[in-house]
Amino acid sequence: MADGVNRPPLRAVIADDQALVRTGFGMILAADGIEVTAEAADGAEAVAAVRRTRPDVVLMDIRMPQMDGIEATRRILADGTPDGTRVIILTTYDLDHYVYAALTAGASGFLLKDVSPEHLVAAVRLVQSNDALLAPTITRRLIERFAQRDAPQAATLHRDLSHLTPRELEVLRLLATGLSNAELADRLFLSPTTVKTHIGRILSKLDLRDRVQAVVLAYETGLIAPGGGA
């Protein structure tokens with residue numbers, strides 16, 4: 001993207017057990033100047049490829065042989081890659097229990113495999129810029145369906161909300177309803193910069209990677225109940 005700043009190209013790994021998917025996605029990314037550093041046909045290959053090439057983003061299929069995408073995501077993020085590799089889950093079904101498990105494992109969002117080329121490229125650039133790929137309606141329905149039911153198994157995301165100020169709790173509650181930064185600023189009569197600062201503090205205090213994990217946590221802790229609106 002031409003903004004007058006000379007940046008290195010984004011780098012991605014594509015992990016999917018279907019060669020046609022890997023090839024097609026690779027061509028789409030390459031056409032937009034995103035370098036595909038490696039392809040992987042299963043989770044174990046994906047983990048090895050990430051450790052070897054240190055990409056910015058991984059496009060990760062969930063259901064693969066040898067090691068699935070959920071375990072691969074856990075291992076990749078547990079490595080604490082210095083440049084903060086982000087994982088986008090690829091799935092055929094949006095309301096899938098495995099997608100929810102991948103989000104709790106630290107994935108920054110998910111895409112349906114029939115995504116348009118433009119949306120695919122935009123998603124890779126979005127998560128690489130340290131935002132989370134949140135499609136509010138789909139992500140919220142997914143989290144509402146599985147969060148509280150699976151809360152006892154999601155111990156890695158349990159955090160003490162008492163560390164948050166009343167304002168930060170309010171921001172987190174509204175964030176979980178799917179509001180964007182601009183909408184949050186509007187609702188709370190704050191500047192977008194102040195909202196961004198609040199979100200940054202929430203993520204830091206709760207040791208969360210991004211907005212997706214914050215939304216999952218809000219439901220798991222009961223801060224917001226399924227069906228709760230903004």
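Predicted model: local features only at pLDDT ≥ 70, side-chain atom pairs only at ≥ 80, totals over all residues.
Leaving aside neighbours within four places in sequence, which residues is Leu172 in contact with? The list runs Leu161, Leu164, Ile202, Leu206, Ala214, Ala218 and Leu223, where contact means heavy atoms within 4.5 Å. Residues are numbered from 1 along each chain as its sequence is written, and side-chain values use heavy atoms, with hydrogens and water left out.

**Confidence and overall build**

- The mean pLDDT of the chain is 84, and 82% of its residues reach 70 or more; pLDDT is the predictor's confidence in each residue, from 0 to 100.
- Residues 153–157 are a stretch to treat separately: pLDDT stays under 50 there, and the model has 8 contacts for them beyond four places in sequence.
- The chain holds 10 helices and 5 strands, taken as DSSP runs numbered from the N terminus (helices H or I, at least four residues; strands E, at least two).
- Of the 230 residues, 48% count as buried, meaning under 20% relative accessible area, with exposed over 50% and partly exposed in between (1.4 Å probe, protein chains only).
- Among contacts with a separation of 6 or more, 69% come from residues 24 or more positions apart.

**The sheet**

- An open sheet is formed by 5 strands in the order β2-β1-β3-β4-β5, and the pairing is parallel; two strands pair if DSSP finds at least two bridges between them.
- β2 (35–40) and β5 (110–112) stand at the edges with a single partner strand each, so one side of each has no neighbour in the sheet.
- From one strand to the next, the twist averages 20° (axes are lines fitted to C-alpha atoms, for helices over the stretch in contact, and angles run from 0 to 180 degrees between N-to-C directions).
- β1 (residues 11–15) and β3 (residues 57–61) pair over 4 bridges in the parallel sense, and Ile14 has Leu59 in β3 as its bridge partner.
- Helix α2 (residues 43–53) packs on the sheet, where it touches β1, β2 and β3, and its direction makes about 150° with that of β2.
- Helix α3 (residues 69–78) also packs on the sheet, touching β3 and β4 (86–91), with its direction at about 155° to that of β3.

**Strand β4**

- In β4, 6 of its 6 residues are buried.
- Arg86, Ile88 and Leu90 point one way from β4, while Val87, Ile89 and Thr91 point the other way.
- β3 and β4 pair over 5 parallel bridges, with Met60 opposite Ile89.
- β4 and β5 pair over 3 parallel bridges, with Leu90 opposite Leu111.

**Cores and Leu172**

- The largest nonpolar core has 56 residues, and Met60, Val87, Ile89, Leu172 and Leu206 touch the most other members; such a core is a set of buried Ala, Val, Leu, Ile, Met, Phe, Trp, Tyr and Cys residues joined through side-chain atoms within 4.5 Å.
- Helix α10 (residues 211–220) gives the most to this core, with 7 residues.
- A second, separate core of 18 residues includes Ile14, Leu111, Val115 and Val121.
- Leu172 sits in helix α7 (residues 166–175) and is buried, with a relative accessible area of 0%.
- Leu172 and Leu184 are 12 residues apart in sequence and 10.0 Å apart in space, C-alpha to C-alpha.
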